[in-house]
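Have your viewer open and try each task before you read on.

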Amino acid sequence: MTTATLRATSLPNSLTAGKLPRGTTWMVLVGSWIVFGAIFGVIAAAGGGAKSFNIVGAVFFGTVLFDVVIFVISLLVEGIRKAQDRLVTSLVATAFIIALLPLISLAWTVVSNGLARFDIAFFSQSMRNVIGEGGGALHAIVGTLLVTLAAAIISVPIGLLTSIYLVEYGRGMLARGITFFVDVMTGIPSIVAGLFAYALFALFFGPGIRSGFMGAIALSVLMIPVVVRSSEEILRLVPNELREASYALGVPKWLTVLRIVLPTSLAGLTTGIMLAIARVIGETAPLLIVCGFTTSMNYDLFKDRMMTLPVFVYTQYTQAAGLNAQASIDRAWTAALALILIVMLLNLAGRIIAKIFAPKYGR
């Protein structure tokens, strides 16, 4: 080996010298969270247990520590220019994390409080003849699923057909009028939708009527404009070249919409429908008016009162008093956790359906 070769092999690689190893940013971020997590954990242990742990404070101050540490490390290793670049990048990430803090706080609070009654009895029993501890929310879970399913059956076809008309066929005053009223319906308060459903059924069946189907009608009033607006935007993203290619082959317009436009936009349509369901599944005011509340199981949407999870949470929390107050509050928190889990499962199912049935591109 010559002297020049030895000199060349002993020199550092100019492409990797003065650079932090890959993964340093994530290691510093996680390490900063662990440091302040330990600090707030000690404070929580001294002040009252795991429920008093301040996860928002740990994440926030840990992120601030990350900004300082990554800047200092980069300054020592990479120089001032790269350190400034990493600092700005970390500040952008900090802004994103701060925006997530309410969600993190909500999730932590619901999970930490909802695990108290997250057991088999809660998901297999109703509140019939239960006064103190025990009982469950099976009747409310069944009611929520039935009412939401009925609302989706009503809203999805109407919303999709309306959006197809606005995108593919709608012109002139009628289309502008539909768009205007859809925008107005988007801002309707939920209590107004409940009063509308109650007034509509009270005209035919009297003022004392309560049923799950009334709740489905109230939720559909809130759900239809969300489906229309989201589906309309997704359908407009379908390239016109696909439509024109279909027309050039002599395919009629209705079949082009059915076989080209809808399959192409299936993933986005599914996401929009899931968002609409998540928008209405947690509504309390309209269901409290039209569905009422009960402690018994009810599988019939068209007969008698039907309990739903949002109303169950409301009634359990407002009726918490006396010696059994903590039991009611625990049931309310667990019902809120169950409602969040249902929304997560629906979104997961929607993504799986969209992935399976979405058109496959490529050769």
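**Exercise 1.** Which residues of helix 6 meet which residues of helix 11?

*Solution.* Start with the pairs: Ile164, Glu168 and Tyr169 in helix 6 meet Lys253, Trp254, Val257, Val261 and Leu262 in helix 11. Contact here means heavy atoms within 4.5 Å, and helices are DSSP runs (H or I, at least four residues) numbered from the N terminus. Next, sort the residues by class: six are nonpolar, none polar and two charged. In this scheme Ala, Val, Leu, Ile, Met, Phe, Trp, Tyr, Cys and Pro count as nonpolar, Asp, Glu, Lys and Arg as charged, and the others, Gly among them, as polar.

A word on the ground rules: this is a predicted model, where local features need pLDDT of at least 70 and side-chain atom pairs count only at pLDDT 80 or more, while totals for chains, interfaces and linings use all residues. Residues are numbered from 1 along each chain as its sequence is written, and side-chain values use heavy atoms, with hydrogens and water left out.

**Exercise 2.** At what angle do helix 9 and helix 12 pack, and how far apart are their axes?

*Solution.* The angle is about 155 degrees and the axes are 9 Å apart. Axes are lines fitted to C-alpha atoms, for helices over the stretch in contact, and angles run from 0 to 180 degrees between N-to-C directions. Helix 9 is therefore roughly antiparallel to helix 12, a label for angles over 145 degrees. Finally, look at the residues that meet: among them are Leu219, Met223 and Ile234 in helix 9, and Gly268, Ile273 and Val280 in helix 12. By class, this contact divides into 12 nonpolar, four polar and one charged.

**Exercise 3.** How many residues has the largest nonpolar core, and which have the most contacts inside it?

*Solution.* Such a core is a set of buried Ala, Val, Leu, Ile, Met, Phe, Trp, Tyr and Cys residues joined through side-chain atoms within 4.5 Å; buried means under 20% relative accessible area (1.4 Å probe, protein chains only). The largest one has 42 residues, and Val147, Met223, Val290, Leu309 and Phe312 have the most contacts inside it. Its largest share, nine residues, comes from helix 9.

**Exercise 4.** Is Ala152 buried or exposed, and what does Ala152 touch?

*Solution.* Begin by placing Ala152 in helix 6. With a relative accessible area of 13%, Ala152 is buried. Leaving aside neighbours within four places in sequence, Ala152 is in contact with Pro157, Met223 and Ile277. To finish, check a C-alpha distance: Ala152 and Ala276, 124 residues apart along the chain, are separated by 8.8 Å.

Methods
Buried < 20%, exposed > 50% of the residue type's maximum accessible area, 1.4 Å probe, protein only. Helix = DSSP H or I, 4+ residues; strand = E, 2+ residues; numbered from the N terminus. Parallel < 35°, antiparallel > 145°, perpendicular 65-115°, else oblique.
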